[in-house]
Amino acid sequence: MNATSAGGVRTRQVGRRARWHLRVVVLAGLVAALALPLNGVATAADSASAPVVKVGMITALTGPIAANPGVKDALLASIAAFNKRGGVGTNHAKMKADICDTRGDANGEVDCARQMVDDGVVATLNDLTYNNPAGVVDILEKAAIPRIGVGGTDISEFGSSVSYPISAGVIAAYLGTAVGFKQDGAKKICLIRTDAPTGATFKGFLQPSFTAIGIDIICDVAVATGATDYAPYIAELQREDPDAVLISHSDSVTTQLIAAMAQLNAKIPLGGNPGSFAPETLKKYSDITKGTVLSDSFPYPSQANVKNFPGLKQYFADMKASGKSSLSTANLKTSYFNPWISTLAFVNVTKNLDNFTPATVVEALKTAKDVDLLGLTPPWTPSTPGFSVFTSSSNHYVYVSRFNGKTVVTNKQPIDVTQYLQ
C-alpha cells in the first residue's frame with residue numbers, strides 16, 4: 001500500500017515478516033553528512049523555474065527493531081534548508097525527498113530499493129538496511145544508484161560499487177571507544193551486545209584491533225532485546241570485574257541496563273556508539289554515566305562542541321527552522337544528524353553539476369576531492385581507498401567524546417583507525 005504525504009514525500013508501507021538475522025555489525029544509530037551549498041542563493045524567479053532532483057532514503061521508520069521515525073523529519077528539514085539556500089548544482093535545482101519505510105522487514109527493504117529505481121531517484125541518503133542488505137545492493141547496483149551516507153551492516157554493502165558512506169562506520173566507532181578506554185586507564189573490558197546468533201562472532205571480530213590498542217575483551221554478554229530483568233546481566237559484569245563496558249545495543253536496552261546499574265550501585269565506566277546512549281539517559285543517571293566514552297566519525301552534536309566545531313551551528317539552525325518541536329535543539333536525537341550530514345555531502349559533491357542522473361552523481365563522487373563538510377570531519381574524498389573489509393569506507397577518522405555529567409564534549413583531534421585495522 002502506498003501513501004503520499006505533504007511535501008512530496010512518498011512513503012511505501014510494506015509488509016513485514018518475522019525474519020531477523022543481524023550481520024556482523026549491529027547499528028543502533030549511524031551518521032551521515034551534510035554540506036552548505038557553495039553556489040549562492042537562488043532568486044524567487046529561479047526557484048519557481050528550478051528543476052527538481054529526487055533523492056531517496058531507505059530506512060525503518062516503523063517496525064519491531066531499530067525503528068526511527070524521526071529521521072524522516074530530519075531529512076525533510078535538511079532538504080528544505082538547503083533548497084532555501086540555493087538548492088543543488090549550477091542550476092539551483094530543488095531536492096525532493098522520496099522516503100521509503102522498510103518496517104525493518106527483509107521483503108520491505110528490497111521493495112523500497114525497487115521504489116527508488118521506479119521513482120527515478122539520482123541518489124539515496126542515509127540508507128539503513130539490516131535484514132536483506134545484499135538484496136538491496138543487488139537492485140541498486142544494477143540501477144547504478146549511489147547511496148551517500150549509507151550505514152553499512154553487511155559485507156555486501158561494505159564493498160558495494162554504489163556505497164559511499166561518509167562515516168568510517170560503527171566498527172571504527174568502537175575502535176575509537178577502545179582508544180578512549182585506554183586513555184582513561186582501562187585494560188580489560190566486557191562487551192554487551194544483542195543475542196542475535198551472528199552476534200557470537202562479534203567479540204572475535206573486534207579483539208585483534210582491540211589488542212592492537214591495548215584492550216582485552218574478557219567477557220561477552222548477550223542481552224535479549226525483549227528482556228525484562230536486567231539484574232542478571234549486571235551481576236555477570238560485577239563478577240567479571242572489568243575496567244569498562246562496551247555496549248553495542250539499542251538505546252532502549254542501554255537505558256534499561258543503566259537503570260539496573262544505578263539500582264544495584266554498579267559503577268563501571270561505559271562506552272559505545274552515541275546511538276546506543278540516549279542523551280536523557282546520560283543525564284538522568286549521571287552518577288553512573290559520568291565519563292562515558294562515545295566515539296563516532298563526527299563531533300557529538302551538542303552545544304558544548306560548537307566552539308571547536310562551528311559547523312554544528314548550521315545543523316542546529318536547520319533543524320530549528322523546521323518548526324517541529326522534536327527537532328528543537330533540546331530534543332534532537334544523535335541519529336538526526338545523519339540525514340543532515342548526508343544531505344550536506346550530496347550538495348557539496350554535486351555543486352558543479354548541471355544535469356542530475358545517477359550516472360552524473362556517481363561521476364561526481366568518483367572525481368570529487370577534499371570535499372569540505374564544514375570541518376565536521378577531515379576533508380572527504382569519496383574515492384579514497386577503504387580499509388580492511390570496509391573497502392568503500394573512504395573516511396578513516398573518528399572522534400572520541402566523553403560525557404562530563406552534564407553534556408558531551410568531543411576531543412578536537414580525530415583518530416585514524418586504519419592503524420588498528422589491517
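## Exercises on disulfides, phi angles and helix packing

The torsion about the S-S bond of C100 and C112 is about -75°, so this disulfide is left-handed. The model is predicted, so local features need pLDDT of at least 70 and side-chain atom pairs count only at pLDDT 80 or more, while totals for chains, interfaces and linings use all residues. Residues are numbered from 1 along each chain as its sequence is written, and side-chain values use heavy atoms, with hydrogens and water left out.

**Exercise 1.** Find how many disulfides the whole structure holds, and state the pairing of the bonded cysteines.

*Solution.* 
- Criterion: a disulfide is a pair of cysteine sulfur atoms within 2.5 Å.
- A search of the whole structure gives 2 disulfides.
- With the bonded cysteines of the protein chain numbered in sequence order, the pairing reads 1-2, 3-4.

**Exercise 2.** Describe the disulfide of C100 and C112: the sulfur distance, the elements joined and the burial.

*Solution.* 
- The sulfur atoms of C100 and C112 are 2.1 Å apart.
- C100 belongs to strand 4 (residues 94-101) and C112 to helix 3 (residues 106-119), so the bond ties together parts that are 12 residues apart in sequence. Helices (H or I, at least four residues) and strands (E, at least two) are DSSP runs, numbered from the N terminus.
- Both C100 and C112 are buried. Buried means under 20% relative accessible area, exposed over 50%, and partly exposed in between (1.4 Å probe, protein chains only).

**Exercise 3.** Locate N265 and S388, and state the phi and the exposure of each.

*Solution.* 
- N265 is not a glycine, yet has a positive phi of about 55°.
- N265 sits in the loop between helix 9 (251-263) and strand 11 (270-272).
- Its relative accessibility is 54%, so N265 counts as exposed.
- S388, a residue other than glycine, has a positive phi near 50°.
- S388 is found in the loop between helix 14 (358-367) and strand 13 (397-403).
- At 31% relative accessibility, S388 counts as partly exposed.

**Exercise 4.** Characterise the packing of helix 3 against helix 4.

*Solution.* 
- Helix 4 covers residues 133-143, and packs with helix 3 at an angle of about 15°, with the axes 8 Å apart. Axes are lines fitted to C-alpha atoms, for helices over the stretch in contact, and angles run from 0 to 180 degrees between N-to-C directions.
- Helix 3 and helix 4 are therefore roughly parallel. Angles under 35 degrees count as roughly parallel, over 145 as roughly antiparallel, 65 to 115 as roughly perpendicular and the rest as oblique.
- Contact (heavy atoms within 4.5 Å) involves residues including V110, A113 and M116 of helix 3 and V136, I139 and L140 of helix 4.
- The residues of the contact of helix 3 with helix 4 divide into 9 nonpolar, 1 polar and 2 charged. Here Ala, Val, Leu, Ile, Met, Phe, Trp, Tyr, Cys and Pro count as nonpolar, Asp, Glu, Lys and Arg as charged, and the others, Gly among them, as polar.
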